[in-house]
Amino acid sequence: MESPDFNQIIDRHNTGSVKWDFLDRYLHLNETDLLPMWVSDFDFQCPKEVLQALSSRIDHGIFGYSERDDLYYQAAMDWFSRRHKLTLHRDWFTSIEGVIPGLALLIQMLSKPGEGVIVQGPYYSSFAKIITMNSRAVIENPLLESSEGYKIDYDHLERILEQHRPPLLLLCNPHNPTGRCWDRDELLQLLILCKRYGTTVISDEIWADLILPWGKFTSILHLGSEWHSHVITATSASKTFGLASLRIANFIIPDPTLRQAFNDRLNAHGLDVFNSLSMTAATAAYQYGDTWLDKLQDYLAENRDWFEQALASSVPWCRMTKAEGTYLAWLDCRNLGLDDNTLQQLLIQKAKIAVSMGYSFGDRGKGFIRINLGCPRQYLKEAISGLAQLTT
């Protein structure tokens with residue numbers, strides 16, 4: 001297999017890329033010389049085997065109504081068995097075009113307008129969006145900062161569970177933006193509390209394959225069948241292999257009653273046809289992507305190590321949060337003593353980089369920024385040079 005060159009610079013302009021072409025629309029930034037390090041997709045080509053599978057499918061030339069076939073299911077089940085020692089059953093799979101749309105439908109299905117949904121701040125901003133836009137309330141269980149990374153505040157969690165009796169908790173594992181991978185004991189303690197108060201846990205595990213060498217991923221499904229009536233897991237090949245616009249996600253729902261209710265909701269919205277190219281790409285990625293992913297994980301770990309050392313040397317006011325997974329860097333900028341608006345203007349005008357501002361992740365994100373390390377090393381060098389300008 002030809003070794004992928006993750007240092008290769010590939011121009012993504014004029015490809016309809018949200019990250020590179022739509023800074024103005026999404027961040028209201030009309031500057032054209034900013035280095036985009038905000039959206040959590042990476043700047044690497046997907047595996048050659050995926051490109052070859054897509055090319056063969058396109059050459060066929062017919063794109064009628066498509067459904068998931070045996071190969072699709074088997075490739076996904078084999079992947080989770082091989083990479084995560086997790087046994088999944090075919091009938092647990094439900095599919096939809098993207099994790100966030102599926103989460104939104106589950107919020108509609110498992111809660112009522114006015115009820116609360118728990119998120120753990122700093123939280124992915126799309127969680128808050130789909131909660132509030134579906135007329136539910138965000139109930140925040142803020143994570144606790146520590147030198148070893150963020151931790152779950154179980155005392156606070158139990159208080160809000162007892163007070164609000166919320167029907168749902170949205171878990172992010174590995175966690176975006178902090179990069180924490182919740183371990184078995186942490187997940188078990190969370191499930192015990194949620195089951196006690198009748199709260200279903202939906203675990204967004206889209207980052208599960210992007211684990212750093214010192215990290216370990218534990219799925220909520222690793223904890224066993226006794227929890228199956230209270231858990232749902234969301235997965236996708238999109239983050240792992242750079243297939244975000246080839247949208248297909250799988251919601252793994254072991255409980256037959258929950259699964260049937262979700263399938264009924266999908267059918268009620270006409271979501272019963274699947275993109276043939278999305279399925280082709282995901283199938284090939286799961287079948288043949290192991291070696292490519294191993295090399296990517298090594299590169300991302302090297303990127304993180306390089307970036308952390310460069311920060312210590314050139315940007316000492318900035319502290320990077322310890323992480324076990326993702327290719328995101330959660331950076332503490334509070335030593336600058338700036339409000340978020342001033343910080344953002346300096347990042348634009350002096351650093352010349354577009355980042356995800358921490359305040360978009362809720363109150364616990366104020367004073368932080370999130371930077372995407374899933375890029376060629378040259379971009380990281382430019383980002384360090386830019387950050388170093390903030391105090392000159």
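In this predicted model, strand β5, helix α8 (residues 184–196) and strand β6 form a β-α-β unit of right-handed sense. β5 (residues 168–172) runs parallel to β6, and five bridges join the two strands. Within this pairing, Leu169 has Val201 of β6 as its bridge partner. β6 also pairs with strand β7 (residues 231–236), again in the parallel sense, over four bridges. There, Ser203 stands opposite Thr233 of β7.

Strand β6 (residues 200–204) is largely enclosed by the rest of the structure, because five of its five residues are buried, that is, under 20% relative accessible area. In a regular strand, side chains alternate between the two faces of the sheet. Both faces of β6 are covered: one side carries Thr200, Ile202 and Asp204, the other Val201 and Ser203, and all of these are buried.

A separate topic is the open four-stranded sheet, which has the order β9-β10-β13-β12 and antiparallel pairing. β9 (319–320) and β12 (356–357) stand at its edges with a single partner strand each, so one side of each has no neighbour in the sheet. Two bridges connect β9 to β10 (residues 328–332), and Arg319 stands opposite Asp332 of β10.

| Strand pair | Sense | Bridges |
|---|---|---|
| β5 and β6 | parallel | five bridges |
| β6 and β7 | parallel | four bridges |
| β9 and β10 | antiparallel | two bridges |

Helix α3 (residues 48–60) has 13 residues and should span 18 Å at 1.5 Å a residue; its end C-alpha atoms lie 19 Å apart, which agrees. Gly61 follows α3 and has a positive phi, near 85 degrees.

Key
Residues numbered from 1 in each chain as written. Predicted model: local features only at pLDDT ≥ 70, side-chain atom pairs only at ≥ 80, totals over all residues. Heavy atoms only, no water. Buried < 20%, exposed > 50% of the residue type's maximum accessible area, 1.4 Å probe, protein only. Pairing = 2+ DSSP bridges. Right-handed = clockwise from strand over helix to strand, strands pointing away. Expected span 1.5 Å × (residues − 1).
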